[in-house]
Amino acid sequence: MAASSAVLSRRLAGSGLWCGVTRPLVHIRSASAAEPGARKSDEEQLWEAASDAAGYLPFSRARVGSFFQEQPVLKNPFLEDALLRGYLKRHLPEESCSQAILSDLNAFGERVAKDIDTWGRECELNPPRLVHFDPWGRRVDHIVTSEAWKRLKDLSAQEGLVAIGYDKSFGEWRRVYQMSKLYIFSPSSGLYTCPLAMTDGAAKVIQSVGVSPPVEEAYRRLTSRQPERFWTSGQWMTERQGGSDVDTGTETVAIPQADGSYRLHGFKWFTSATDADMTLTLARVQDRSGSTTPGSRGLSLFYAEVSRDEDGRLRGIEVQRLKDKLGTRQMPTAELLLDGLPAYRLSEEGRGVASIANMLTITRIHNSISAAAAMRRVLQLARDYATRRTAFGKLLKDHPLHMQTLARMEVETRAAFLLVMDVCRLLGREESGLASEFDRHLLRLLTPVVKLFTGKQAVAVVSEGLESFGGQGYIEDTGMPGILRDAQVLSIWEGTTNVLSLDVLRCVARSSGMVLHAYFAHVKSLLAGASGVSSLDPAVKAVGGALSELEQFVQIAASRSPSYLELAARDLAYSLARIYAGALLIDHACWKDASPNDTYAALRWCEQELCLVASKQKRGCYDSSSASMDAALVYDNLIQK
């Protein structure tokens, strides 16, 4: 063996591998295992003896090596977000309430990073489950949720995550304050932001129809800061025949009772946050002959509490099953049979769809906030990881191409944030009685535009964010894949991209074009504010040119058939979003405390094609032949058969 060691030393010395090297050569062997009982070769014994003597060969037997990659660290999301802090500093009134808001958001950001994020992760790892029967065979339909889910409900009350939106002491900025807090909370919330969105929407509906019995107590609970009193609300609209198409897809009937209440009978196909304390739902009132009115004219809005009888059974509800979803697994979503559920009619009979308009505004804004928050969170983690991960001899942050990728994500995230916050600003003005007709038109148009646009942005940006972690972004126990799964719902819930694009056309038609008039006027006013800032000239020119193209498109489309505008609806909505985001980025870059990064973000955003609908129009994408050609392309194989 001594002779063998000498031979090995001579070979290594002769190769020059020892020169200037402080560690001996590590031999990487095949991972295939030797057969049981097989003798080790002389060469294997030689290598093992040498490595054992020196203490090397780190991956031998139970050794796993000394390197472990540092994981990204979640820091205070408020302090890590320069745009959020800058926006609030610029817009909040310079009063004591401004300092109170900033102090609260800072403290909440610390709580998110230190505690709440862990609770949200626990909800992902311990999703809800349904227990149909007790040990003795009684039907109980218990939805069992994690302790973290229950803690998040208490936290939501304590932190005023719904209540702030109804606190008049914050004036027109109460919605900006509330949504800023939800923006910090959302990615760590274990999807508790979903029941909060529906709770907020329910409170808004009750407020709009009048806070009076039998919903007066419910309103107080929905907006309470006391955990023991706080209620959440469900939103049970979707049935088997339709999602967004509630007009023709709602089969649930409401049977009048002698005391003025109703009993609901029907099947709700998709009920989110099914463990809520109450719900709002649509149904058709049945007359004495058993008939109902079809279409939207037959739909009324009802309020129902979720309660149990003395035997522990749900009153008028059977939980059929929990949905097995791609994402949002932390939250119970169920199919429900309503079999005599006690309820009260909130709307005038036949005015159910009109009564939920305010609720849709609220829930769509919540959806948009969650989209912007998901983008910001994955970017914050990717940014931190770039300071910890070394590849090809240097940290990721020192690779220009990697920084370019993160910068592009940052520009998208900034645009999304400013879009959402402007809608929150408009909502706050409306609820405070300060909104002009101009403001109300903008709010009506921008709510669906921002929701559809940010929903699509979130999927793309979060996907890119996962890629920035390499293979670890694809590994479940890092928590990264869950961010992407949860982001996918944002383009679906509360109206898909196409449904909301058509909603944009409806609000244009119903306002006789006034929403577009308000839009054009406001974008022009934002650009005018940047007229003296030479560094922003390219961006101002790009947005101004795109706005002119959009005006020309609107003039041409006004003389075409409805089918022409329907084909253009999606591209029109995207164009409205891109142009408006460009104007907001320019406006933010003009304020006195703006940084060079604000200017750079505006310039980068405006390098893209802003008015997609105009360029597509010039190529004939909305002509009468396009629809049939699209269908032929999609079903090409079937047509050939």
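Modeller: Let me begin with the definition: a residue is called buried under 20% relative accessible area, exposed over 50%, and partly exposed in between. Please keep in mind that this is a predicted model.

Colleague: Then how does Arg-229 count, and why?

Modeller: Arg-229 has a relative accessible area of 26%, so the residue is partly exposed.

Colleague: Which residue does Arg-229 meet in a salt bridge?

Modeller: The partner is Glu-217, with an N to O distance of 2.9 Å. Arg-229 is in the loop between α8 (216–222) and β3 (233–238), whereas Glu-217 belongs to helix α8; the pair links distant parts of the chain, 12 residues apart. Glu-217 also counts as partly exposed, because its relative accessibility is 32%.

Colleague: How many salt bridges are there by this rule?

Modeller: The count comes to 45. Among them is the one between Asp-141 and Arg-139, at 2.7 Å from N to O. Asp-141 is buried, since its relative accessible area is 3%. Another joins Asp-134 and Arg-138, where the closest N and O atoms are 3.5 Å apart.

Colleague: Which residues are linked in a network of salt bridges?

Modeller: The network consists of Asp-81, Arg-376, Glu-410, Arg-414 and Asp-598.

Colleague: Let us turn to the rings. How many aromatic pairs does the structure hold?

Modeller: There are 14 aromatic pairs. One of them is formed by Phe-108 and Phe-185: the ring centres are 6.0 Å apart and the planes are at 45°, so this pair is tilted. Phe-108 lies in helix α4 (residues 96–125) and Phe-185 in helix α6 (residues 174–185), so the pair links parts of the chain that are 77 residues apart.

Colleague: Which residues form one aromatic cluster?

Modeller: That cluster is made by Tyr-87, Tyr-183 and Phe-417.

Colleague: Where does the charged end of Arg-240 sit?

Modeller: The charged end of Arg-240 is placed over the ring of Phe-267, 3.9 Å from the ring centre. In another such contact, Arg-175 lies over the face of Tyr-166, at 4.9 Å from the centre of that ring.

Colleague: Changing topic, where is Ser-188?

Modeller: Ser-188 is found in the loop between α6 and α7 (193–209). This residue counts as buried because its relative accessibility is 1%. The side chain of Ser-188 makes a polar contact of 2.8 Å with the side chain of Asp-117.

Colleague: Finally, the surface. Which residues make a nonpolar patch?

Modeller: Val-634, Tyr-635 and Leu-638 make a nonpolar surface patch of about 340 Å². Leu-638 belongs to helix α22 (residues 636–640). Its relative accessibility is 53%, so Leu-638 counts as exposed.

Conventions: Residues numbered from 1 in each chain as written. Predicted model: local features only at pLDDT ≥ 70, side-chain atom pairs only at ≥ 80, totals over all residues. Heavy atoms only, no water. Patch = residues over 30% accessible without salt bridge, like charges linked within 9 Å, V, L, I, M, F, W, Y side chains within 5 Å. Areas by Shrake-Rupley, 256 points an atom, 1.4 Å probe, with all protein chains shown as cover. Salt bridge = Lys/Arg side-chain N within 4 Å of Asp/Glu carboxyl O. Helix = DSSP H or I, 4+ residues; strand = E, 2+ residues; numbered from the N terminus. Buried < 20%, exposed > 50% of the residue type's maximum accessible area, 1.4 Å probe, protein only. Phe/Tyr/Trp six-rings, centres within 6.5 Å; stacked < 30°, edge-to-face > 60°. Lys NZ or Arg CZ within 6 Å of the ring centre and 35° of its normal. Polar contact = N/O pair within 3.5 Å; in protein donor to acceptor, adjacent residues only side chain to side chain.
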